[in-house]
Amino acid sequence: MRTRAFMQVDVFSETAYRGNPLAVVLDSEGLSDEAMQAFARWTNLSETTFLLPPTPEGRAQGADYRVRIFTPGGELPFAGHPTLGSCHAWLAAGGQPQQAGRVVQECAKGLVPLQQDARSGRLAFAAPPLSRSEITDAELAPVLQAAGLQAGQVLASQKLNNGPVFWALLLDDPDTVLAMQPDLTALHGLGMELAVAALYPQAGKTLIGRASREARAFDGASGQASRPPEVDIEVRVWFNTGASLSEDPITGSLNASLAQWLLADGHLQAPYVASQGINLDRSGIVNITQDAAGQVWVGGHVSAGIQGEVLL
């Protein structure tokens, strides 16, 4: 064991400690798979990442660093908030990209480009390729029962795969999303991970829509701000943690695949803003943009919470 540089960062929130935490080991050379997995179990965060030099093949294609992403239960080929958080930590530790203004991350899924907004400081990653397929009525029926939903509340559904696989449901109203209390044991028994989303009335289309969005931005019961009025869509997702499912605060990989689906099928136009984490007392904000070539970019703020060393 030796000392290694370490950071714990908060991803997808401008307010410190209201986003999704990520543990980052900045110097992971020489660590075995078993050591990485054991440390990820110990941090008990949704993800812990380990930064390494790129492989020779990755460096030849422009990679600046390589990341391995572990949950407490296993390794992931790709995940969104670990991508933004790892890039932030790498830059904060003095990392210098091969190309100014552009960072290229190597992970098991492949190469993932990132860019930083010069004005806001917000990082964004290029959504990786997505494969998606229909969910049949027969497949959907037990999911709806476990989720406590009626078929009429589902406007559209897809299986989304960009590394993680999500069963994604577009619902009729954000209130439906926020009120959900699914049977997690039943969902876990179905062997799937559930994502739900619903659109808010679009600001500027009608005065009623704008008033509705602004009213939703304040929770009168708690007296706390729940989400900014410019949000376009509310998102929730439940992940398989091994023995059960648990709700994830803010999910970059899901928001990436969700954006690719919703934009392609005309449910939304870019740019748009997604909110996630309200039910967990988080204030996650995900910024979705699309460039002239059609590439979807998933952005958010990252801030440091803990900085120091670990013995590994």
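Is Asp265 buried, exposed or partly exposed, and at what relative accessibility? Asp265 counts as partly exposed because its relative accessibility is 40%, a value that falls between the limits of under 20% for buried and over 50% for exposed. The close-up views described below are all taken from a predicted model.

**View 1. The salt bridge between Asp265 and Arg132.** In this predicted model, the side chains of Asp265 and Arg132 come together in a salt bridge, with a distance of 3.0 Å from N to O. The two partners belong to distant parts of the chain, 133 residues apart, since Asp265 sits in the loop between α8 and β17 (272-276) whereas Arg132 is part of strand β9 (residues 131-133).

**View 2. The salt bridge between Lys159 and Glu139.** Here the closest N and O atoms of Lys159 and Glu139 are 2.9 Å apart, and the two residues form a salt bridge. Because Lys159 belongs to strand β10 (residues 154-161) and Glu139 to helix α4 (residues 137-147), the pair ties together parts of the chain that are 20 residues apart in sequence. Glu139 has a relative accessible area of 28% and is therefore partly exposed.

**View 3. The salt bridge between Glu247 and Arg236.** Glu247 and Arg236 form a salt bridge in which the closest N and O atoms lie 2.8 Å apart. Glu247 is found in strand β16 (residues 245-247) and Arg236 in strand β15 (residues 233-240), so that this pair ties together parts eleven residues apart in sequence. Both Glu247 and Arg236 are buried.

**View 4. The network of Asp33, Arg68 and Glu75.** Salt bridges with shared partners join Asp33, Arg68 and Glu75 into one network. Across the whole structure, a search finds seven salt bridges.

**View 5. The largest cavity and its lining.** The structure holds one cavity of 30 Å³ or more, and the volume of the largest cavity is about 50 Å³. Its lining is made up of 14 residues, among which Glu47, Ala79, Phe239, Thr251 and Ser253 lie nearest the centre. Two or more lining residues are given by each of the helices α3 (80-92) and α8 (252-264), and the largest share, three residues, comes from α3. By residue class, the lining of this cavity divides into seven nonpolar, five polar and two charged residues.

Key:
Residues are numbered from 1 along each chain as its sequence is written. This is a predicted model: local features need pLDDT of at least 70, side-chain atom pairs count only at pLDDT 80 or more; totals for chains, interfaces and linings use all residues. Side-chain values use heavy atoms; hydrogens and water are left out. On a 1 Å grid over the protein atoms alone, a cavity is a set of points where a 1.4 Å probe fits but cannot get out, and a pocket is an open set with protein on both sides within 12 Å along at least five of seven lines; lining residues have an atom within 4 Å of a point. Grid points are joined across faces, edges and corners, and a volume is the space filled by probe spheres set on the points. Helices (H or I, at least four residues) and strands (E, at least two) are DSSP runs, numbered from the N terminus. Ala, Val, Leu, Ile, Met, Phe, Trp, Tyr, Cys and Pro count as nonpolar, Asp, Glu, Lys and Arg as charged, and the others, Gly among them, as polar. A salt bridge is a side-chain nitrogen of Lys or Arg within 4 Å of a carboxyl oxygen of Asp or Glu. Buried means under 20% relative accessible area, exposed over 50%, partly exposed in between (1.4 Å probe, protein chains only).
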